[in-house]
Amino acid sequence: MELNYTKLKETITILSELGSEILMNKLLEILSNNEIQKPEKHNRKRDIETSYFNIDLTEDEIDEIIDLLQENQMKFVGDGDNHEQLFYHYSDLIDSWIV
C-alpha cells in the first residue's frame, strides 16, 4: 500500500489529536524512512509534498486507523455546510486507507 504525503500527514495529525500515540509514531517512522524514490526526471524531486510512501503496517493496524477515522468522522454528521465538508473530507481520507 502507498499513500501520498498529504494523506499521511493528515492522518498523523488526526491520530495525534485522538491521542493514538503508537499508531501516530509508526506513521511518523514511515514518513521518515519509507519515501518511494521519484523518477529521475521528476520536476519536483526535493518537494516532499509530491512524495509517496510505502505503508508497511499490519492489516490490524490499518483497520484500527480506519476505525479511528470513521469514529471521528461521525462528529461531523449534520449541522450545516462546514460539517458536511468535513464529513466528506474524512470519507476521502478513509478511502485512501482502504486496501
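## The model and its confidence

This is a predicted model, in which local features need pLDDT of at least 70 and side-chain atom pairs count only at pLDDT 80 or more, while totals for chains, interfaces and linings use all residues. Residues are numbered from 1 along each chain as its sequence is written, and side-chain values use heavy atoms, with hydrogens and water left out.

The chain averages a pLDDT (the predictor's confidence in each residue, from 0 to 100) of 89, and 85% of the residues score at least 70. Among the elements of the chain, the lowest mean pLDDT, 89, belongs to helix 4 (residues 81-97), and the highest, 97, to helix 2. Helices are DSSP runs of H or I with at least four residues, numbered from the N terminus.

## Helix 2 against helix 3

The axes of helix 2 (residues 21-33) and helix 3 (residues 59-73) come within 11 Å and cross at roughly 115°; such axes are lines fitted to C-alpha atoms over the stretch in contact, with angles from 0 to 180 degrees between N-to-C directions. Angles under 35 degrees count as roughly parallel, over 145 as roughly antiparallel, 65 to 115 as roughly perpendicular and the rest as oblique.

In this pair, Leu23, Lys26 and Leu27 of helix 2 meet Glu61, Glu64, Ile65 and Leu68 of helix 3, where contact means heavy atoms within 4.5 Å. By class, that contact has four nonpolar, no polar and three charged residues; Ala, Val, Leu, Ile, Met, Phe, Trp, Tyr, Cys and Pro count as nonpolar, Asp, Glu, Lys and Arg as charged, and the others, Gly among them, as polar.

## Helix 1 and its partners

Helix 1 (residues 5-18) and helix 3 have axes that come within 11 Å and cross at roughly 75°, which makes helix 1 roughly perpendicular to helix 3. Thr11, Ile14, Leu15 and Leu18 of helix 1 make this contact with Ile65, Leu68, Leu69 and Asn72 of helix 3, and these residues divide into six nonpolar, two polar and no charged.

With helix 2, the axis of helix 1 comes within 9 Å and crosses at roughly 155°, so the two helices are roughly antiparallel to each other. Their contact has 10 nonpolar, two polar and one charged residues.

## Salt bridges

Side chains of opposite charge can pair when their charged atoms come close. A search of the whole structure finds two salt bridges, each being a side-chain nitrogen of Lys or Arg within 4 Å of a carboxyl oxygen of Asp or Glu.

Aspartate 92 forms a salt bridge with lysine 7, with the closest N and O atoms 2.4 Å apart. Because aspartate 92 lies in helix 4 and lysine 7 in helix 1, the pair ties together parts that are 85 residues apart in sequence.
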